[in-house]
Amino acid sequence: MAESGVNPTAAALLGLLHEGPMTGGQLMAAAERRLAPYWSMTRSQVYRELPVLAERGYVRLGKPGPRMSQPYALTASGKRTFSRWLAENPGRDTIRNPVALRMAFGNLHSASQLKSLYASANEYHTEALAQVREQVKNAKRDGETYDASALEFAVAYHRAALSWLKSAPAG
């Protein structure tokens, strides 16, 4: 754990709560909308982190709403912790690409398996690239310069993946 004492998922939740109080479901939707092109978060991670953040005093619980949903609001301590996290060294990237992992064992695939793997990956990256380009356009239109810049990383990633797939050995 870093100096701030929060992991990246917890920090992302604190960052999202700068927009205002949100329930776990709303936080998940905000993470999907803003962060998913370059940072994955699962529902179980969100719901595991929220009680820890509350226990540490970084968020406070609001009044239960419909279906017992409970909003979380960022506290002053949570804002300070998030600021410390922002100032920390981010560490190294972790690359986990399931297609690259399978390609490493390409000599054990049949030609048809490789063709199917590449086609599926190509379809995914093509669709993801179109979606994230739209998100970049919208972020720029809305004056969200930093969001747009972070999303440009995802654009470059999907472009690189598509370029890499074109040069993949056919088997």
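Colleague: Hi! Which residues of helix 1 are buried?

Modeller: In this predicted model, they are Thr9, Ala10, Ala11, Ala12, Leu13, Leu14, Gly15 and Leu16. That makes 8 of the 9 residues in helix 1, which spans residues 8-16, so the helix counts as mostly covered.

Colleague: What do they pack against?

Modeller: The buried residues of helix 1 pack against helix 2 (24-34), helix 3 (43-55), strand 1 (59-61), strand 2 (72-74) and helix 4.

Colleague: And what caps the N-terminal end of helix 1?

Modeller: Asparagine 7 does, with a side-chain oxygen 3.0 Å from the backbone nitrogen of threonine 9.

Colleague: Switching to the largest nonpolar core, which residues touch the most other members?

Modeller: Those are Leu16, Leu27, Met41 and Leu53, out of 23 residues in that core. Helix 1, helix 2, helix 3 and strand 2 each give two or more residues to this core, and helix 1 has the largest share, with 6 residues.

Colleague: What is leucine 27 in contact with?

Modeller: Beyond its neighbours within four places in sequence, leucine 27 is in contact with Leu13, Leu16, Leu17, Met22, Val46 and Leu50. Another core, of 9 residues, lies apart from the largest one, and Val136, Ala139, Ala154 and Val155 are among its members.

Colleague: New topic: where does glutamate 88 lie?

Modeller: Glutamate 88 is in the loop between helix 4 (76-87) and helix 5 (98-104).

Colleague: Is glutamate 88 buried or exposed?

Modeller: Glutamate 88 is buried, yet has no salt bridge: the nearest side chain of opposite charge, arginine 84, is 6.1 Å away. A polar atom of the glutamate 88 side chain does lie 3.2 Å from the backbone nitrogen of glutamate 3.

Definitions and conventions. Residues are numbered from 1 along each chain as its sequence is written. This is a predicted model: local features need pLDDT of at least 70, side-chain atom pairs count only at pLDDT 80 or more; totals for chains, interfaces and linings use all residues. Side-chain values use heavy atoms; hydrogens and water are left out. Helices (H or I, at least four residues) and strands (E, at least two) are DSSP runs, numbered from the N terminus. Buried means under 20% relative accessible area, exposed over 50%, partly exposed in between (1.4 Å probe, protein chains only). Lys and Arg count as positive and Asp and Glu as negative; His and the chain ends are not counted. A salt bridge is a side-chain nitrogen of Lys or Arg within 4 Å of a carboxyl oxygen of Asp or Glu. A polar contact is a pair of N or O atoms within 3.5 Å; within protein, one must be able to donate a hydrogen and the other to accept it, and residues adjacent in sequence count only if both atoms are side-chain atoms. Contact means heavy atoms within 4.5 Å. A nonpolar core is a set of buried Ala, Val, Leu, Ile, Met, Phe, Trp, Tyr and Cys residues joined through side-chain atoms within 4.5 Å.
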